[in-house]
Each structure stands twice: as C-alpha cells, then as structure tokens.
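Work through the exercises below with the sequence and the model in view. Each task is followed by a stepwise solution.

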Amino acid sequence: MKKLILSIGTLLAIMVSTGCDNQSHGLDYRVKCTIDNTMRHDSATLLVLEDDYNQLRVCGAQRSTDGTFTFTGQTDRPKVALIRWDNDSTRPFYFVLESGDISITINHGSWHITGSAENSRYLHYINLRNSITDARVATWQEYLKMAADSSLKRDDEVRMVRQDSLLNDSLQRITVDCINRGDAVGRIVKQRYGQQLDQQHMRQLQ
C-alpha cells in the first residue's frame, strides 16, 4: 500500500513538474530580424516597454556581420518592443513582442513581419494607412497636373478638395480607433502617429 501511495505521489510530482515546464515554454519568444545589408547596421538592441513602470528595459544586444539578429527570452503578454540600431535612438523599429517565433524583414522603405497575431493587426493598420496616404498623394498630383496644363475647372477643384478631406478623415478615424483599443498595437500607433491627429480627433482619444 505504501508503495502504491509512493508511486501515485511520484506520478503527481512528475505531472506538476511537466505542467510548469509547458507553461514556461508557452512564454518563450524568438525574434529573428533580417535587414538589408546596404543599411549597414552592425549592432542591434532589443528593448521592451514594461507597462507597470512605463520604462524601457533592455532585453538583449547583438552584433552581426550578415544583417541577421536573433533575440530570445520570455514574456507573459504582448508588449510594446523596439529594436534600436547602433545605439541610434532616433530611428527605432517598433513591433509587438509576444510569445512564439517572430520573423522581421526590413528593407529600404519597406518591412514585413510574420508569426504574430498582434503584429498582423499592426501591419494591417500600416498597410491601410499607406493606401490612404497614397490616394491623397495621387489626388494632389492630379490637381497639380490639371493646374499645370490649365485644364483645372472649379468643379474639379471642389471634387478633389472634398476627396482629400474624406481621405484625411478616414486616416484620422482609423488612427483614433486603433489607439483607443489601449493594447500594445494602439500604444505603438499613438507613439508613432498620435501627434499627427488634428484637434477634433485628438479630443476623441480615450
């Protein structure tokens, strides 16, 4: 009987130990960032915003000769993170750090990120923002072209002004909606684009 009790106790201890290990593994992250060699960054530092203290914490630093940087660790929830290049504090790369494998590719003028649900939402916002911005640029270029060849009419000008106003309002609204979610993506968007909101939409922030 004592042997049976001992066996059950041993089995329970193994189950508890295994459960803790699995929980720990579930918090693991691995961030692999690959940059275009022409960007000439020799070192990178991963920093994470700790919400409880509202301070950045250094989670890793690396040097690389091939443009690939890999960071590993653990996080209990999605957090605002950034990669700082060669100690340059003016042009960091923002993303959401969460458990699992995250792959980041950065080229001149573009970037892509996979392996993270929160970063997929962030990328969706960026793509939508870029689409609206491109449409505004196209409207402005149409206006300049018509003005240059003297084909610009009053109705055309009214139409393009209205179109630009609608596009700008859409850009402001998607930014407000994203920020008001209050999550890691919203905090990144607020940091990067919040200052571009006009007074009317600034008052809509929660």
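Helices (H or I, at least four residues) and strands (E, at least two) are DSSP runs, numbered from the N terminus. The model is predicted, so local features need pLDDT of at least 70 and side-chain atom pairs pLDDT 80 or more, while totals for chains, interfaces and linings use all residues. Residues are numbered from 1 along each chain as its sequence is written, and side-chain values use heavy atoms, without hydrogens and water.

**Exercise 1.** Check the span of helix α2 (residues 117–148) against its number of residues.

Step 1. The expected span is 1.5 Å times one less than the number of residues.
Step 2. After α2 comes S150, with a positive phi near 60 degrees.

**Exercise 2.** Find what the buried residues of α2 pack against.

Step 1. Buried means under 20% relative accessible area (1.4 Å probe, protein chains only).
Step 2. Buried residues of α2 include E118, Y122, I126, R129 and M146.
Step 3. Taking contact as heavy atoms within 4.5 Å, the partners are β6 (88–97), β7 (100–107), β8 (110–114), α3 (154–179) and α4 (184–193).

**Exercise 3.** Which element gives the largest share of the lining of the second largest pocket?

Step 1. The lining consists of L49, L56, V80, L82, Y94, R187, I188, K190 and Q191.
Step 2. Two or more of these residues come from each of β5 (79–85) and α4.
Step 3. The largest share, 4 residues, belongs to α4.

Conventions: Buried means under 20% relative accessible area, exposed over 50%, partly exposed in between (1.4 Å probe, protein chains only). On a 1 Å grid over the protein atoms alone, a cavity is a set of points where a 1.4 Å probe fits but cannot get out, and a pocket is an open set with protein on both sides within 12 Å along at least five of seven lines; lining residues have an atom within 4 Å of a point.
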